[in-house]
Amino acid sequence: MDAAKQKAYWNENLVIIIVHLTIWFFVSFVCGIMAADELDAIRIGGFKLGFWFANQGSMVIFVILIWTYVWLMNKLDVKYGVYEE
């Protein structure tokens, strides 16, 4: 792969990483810590939403982020011809 394609690949990879890290920060820090008191006014299954985000929701979101990262990176690898069979 030439230098221009490597740079384009890396730039697209960085966008994917930044988006995933932003979602991760929002769910874990903002929803789980900073906005927990406001979210506690909403209940899911008898539990306050702030508590749910801090304990269960963030883990669920993290697993979803891992799956989407792998899926997007596989698509990117195919796009640039660097995928593994």
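Is Lys-79 buried or exposed in this structure? What we have here is a predicted model, where local features need pLDDT of at least 70, side-chain atom pairs count only at pLDDT 80 or more, and totals for chains, interfaces and linings use all residues. Residues are numbered from 1 along each chain as its sequence is written, and side-chain values use heavy atoms, with hydrogens and water left out.

Back to the opening question. Lys-79 counts as exposed, at 56% relative accessibility. On this scale, buried means under 20% relative accessible area, exposed means over 50%, and partly exposed is in between, using a 1.4 Å probe and protein chains only.

Lys-79 also has a partner: it forms a salt bridge with Glu-12, and their closest N and O atoms are 3.0 Å apart. A salt bridge here is a side-chain nitrogen of Lys or Arg within 4 Å of a carboxyl oxygen of Asp or Glu. Searching the whole structure turns up 1 salt bridge. Since Lys-79 sits in helix α3 and Glu-12 in helix α1, the pair ties together parts that are 67 residues apart in sequence. Helices are DSSP runs of H or I with at least four residues, strands are runs of E with at least two, and both are numbered from the N terminus. Glu-12 itself is partly exposed, with a relative accessible area of 28%.

Now to the two helices themselves. Two packed helices are described by the angle between their axes and the distance between the axes. For α1 and α3, the angle is about 170° and the axes are 10 Å apart. Those axes are lines fitted to C-alpha atoms, for helices over the stretch in contact, with angles from 0 to 180 degrees between N-to-C directions. The two helices are therefore roughly antiparallel to each other; the cut-offs are under 35 degrees for roughly parallel, over 145 for roughly antiparallel, 65 to 115 for roughly perpendicular, and oblique for the rest.

Let's look at some residues in α1. Asn-13 is found in this helix, and Asn-13 is buried, at 6% relative accessible area. What does Asn-13 touch, not counting residues up to four places away in sequence? The answer is Tyr-69, Met-73 and Leu-76, where contact means heavy atoms within 4.5 Å. Ile-17 is in helix α1 too, and its C-alpha atom is separated by 7.9 Å from that of Tyr-69, 52 residues apart along the chain.

Finally, the rings. The whole structure has 3 aromatic pairs. Rings of Phe, Tyr and Trp (its six-membered ring) pair if their centres lie within 6.5 Å; planes under 30 degrees apart are stacked, over 60 edge-to-face, and the rest tilted. One of the pairs is Trp-24 with Phe-62: the centres are 5.7 Å apart and the planes are at 85°, so this pair is edge-to-face. It links distant parts of the chain, with Trp-24 in helix α1 (residues 3-34) and Phe-62 in helix α3 (residues 49-80), 38 residues apart. Trp-24 is partly exposed at 42%, and Phe-62 is partly exposed at 24%.

Another pair is Phe-25 with Phe-29, with centres 5.2 Å apart and planes at 20°, so that one is stacked. Being 4 residues apart in helix α1, these two are separated by about one helical turn.
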